[in-house]
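Welcome to this short tour. Please open the structure in your viewer and keep the selection tool ready.

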Amino acid sequence: MKPLHLSYLVILAILAGCGSTPPPSADEGTPVQVQLNWYPESEHGGLFQALADGSYESANFAVTIQPGGRATPIGPELALERAQFAIANADDVILYRQQGIDVVAVMAAMQNHPRCILARKDSGVESFEDLQGKTLQRQAGRAFVEFMRSKGILDGVKEVPYHGSIASLVGDPNIVIQAYSCAEPLLAQQQGVPVNTLMVSDLGFNPYSSVLVTTGKLIREQPDLVRRFVAVTRQGWRDYLTDGSQGNAAILKVNQEGMTEEALTFGAEVMRDLAMPGDASVESVGTMTAKRWSELFDQLRSLDLVDAEEVRVEDCYTLEFLE
């Protein structure tokens, strides 16, 4: 997959089957750029749903969705005000603040994180205890990796860089990879490779995912804009998780090389359980709690990834726009 750079109006032009369109003018709404943390996929479905069904436009927003990639500088993009909002994981929010970047979470689409370790069924890996002797492809330094290490799970495991592909796993049963449960298991299945999915959240490390973030500066200076954008985006996620056909069609228009209709349908189905675990209703989508943030903060502190003297957990998030 390669990153594409399409604005709100270009996306609308594609959806309408039209040619190029001039940049938005002042009367087309308040310009808002959202920086994604990855290429457009089902993890961003609520944004594309609100874009495709006209919700952002109706709320007087002219929205640009900027695709991300393997090393998207979410924090700097916000700090430099090139984006007003972005998508991140909750642990990344805390780590950005440790770096001195004023990032604040305002809603969380996924209550449970899709992070998993993927292993071929014929690898003999059925639990985390079975990883010993295997080669794990992972992104070094990520918080979930350090958490696994702190639990002794990576003892006897050879760690190598993750290249964003399942190719190595498909070719070698001794290789396991980091993955998202809403994507890679289907990709493996499509290549005829049955897999076991080990959810990192089962180990007790479960940051919010698909988190909408902004800056403390924007919250202080334009709280009404933040409130309105959160409300529309939250409803976009509710609509996507109910019937994501419009959002998926919009994603396919801007990520034809890296995404398929089948993959998006699979991803949306998996994410329903992640966004609404147990008996949670669709109205609960987007919620966050102080308790969850404090637990995550304490975990990162115990891993020496955050210094409580430099970062306060209360500054990492706000619940004021979810009321």
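This is a predicted model: local features need pLDDT of at least 70, side-chain atom pairs count only at pLDDT 80 or more; totals for chains, interfaces and linings use all residues.

How many bridges join strand S1 to S2, and do they run parallel or antiparallel? Select residues 30-35, which make up strand S1, and then show S2 beside them: six bridges join the two, and they run parallel.

**Stop 1: the whole sheet**

S1 and S2 belong to an open sheet of five strands, with the order S2-S1-S3-S10-S4 and mixed pairing. Colour S2 (61-66) and S4 (103-110) to find the edges: each has a single partner strand, so one side of each is left without a neighbour in the sheet. Strands of a sheet pair through backbone hydrogen bonds, either parallel or antiparallel. Turn the view to follow the twist, which averages 25° from one strand to the next.

**Stop 2: the largest pocket**

Select Asn37, Trp38, Gly69, Gln139 and Tyr180 next. Among the 47 residues that line the largest pocket, these five lie nearest its centre. The volume of this pocket is about 1,100 Å³.

If you colour the lining by class, you will get 21 nonpolar, 19 polar and seven charged residues.

**Stop 3: the second largest pocket**

H9 gives the largest share, three residues. Select some of the lining, including Leu78, Ala83, Ile101, Lys217 and Glu221. The space inside is about 190 Å³, and its lining divides into five nonpolar, three polar and four charged residues.

**Stop 4: a cavity**

What does a search of the whole structure find in the way of cavities of 30 Å³ or more? There is one, and the volume of this largest cavity is about 80 Å³. To find its lining, select Asn89, Asp91, His113, Arg115, Arg142, Phe144, Val200, Ser201, Phe205, Asn206 and Pro207. By class, that lining has four nonpolar, four polar and three charged residues.

Conventions
Residues are numbered from 1 along each chain as its sequence is written. Side-chain values use heavy atoms; hydrogens and water are left out. On a 1 Å grid over the protein atoms alone, a cavity is a set of points where a 1.4 Å probe fits but cannot get out, and a pocket is an open set with protein on both sides within 12 Å along at least five of seven lines; lining residues have an atom within 4 Å of a point. Grid points are joined across faces, edges and corners, and a volume is the space filled by probe spheres set on the points. Ala, Val, Leu, Ile, Met, Phe, Trp, Tyr, Cys and Pro count as nonpolar, Asp, Glu, Lys and Arg as charged, and the others, Gly among them, as polar. Two strands pair if DSSP finds at least two bridges between them. Helices (H or I, at least four residues) and strands (E, at least two) are DSSP runs, numbered from the N terminus. Axes are lines fitted to C-alpha atoms, for helices over the stretch in contact, and angles run from 0 to 180 degrees between N-to-C directions.
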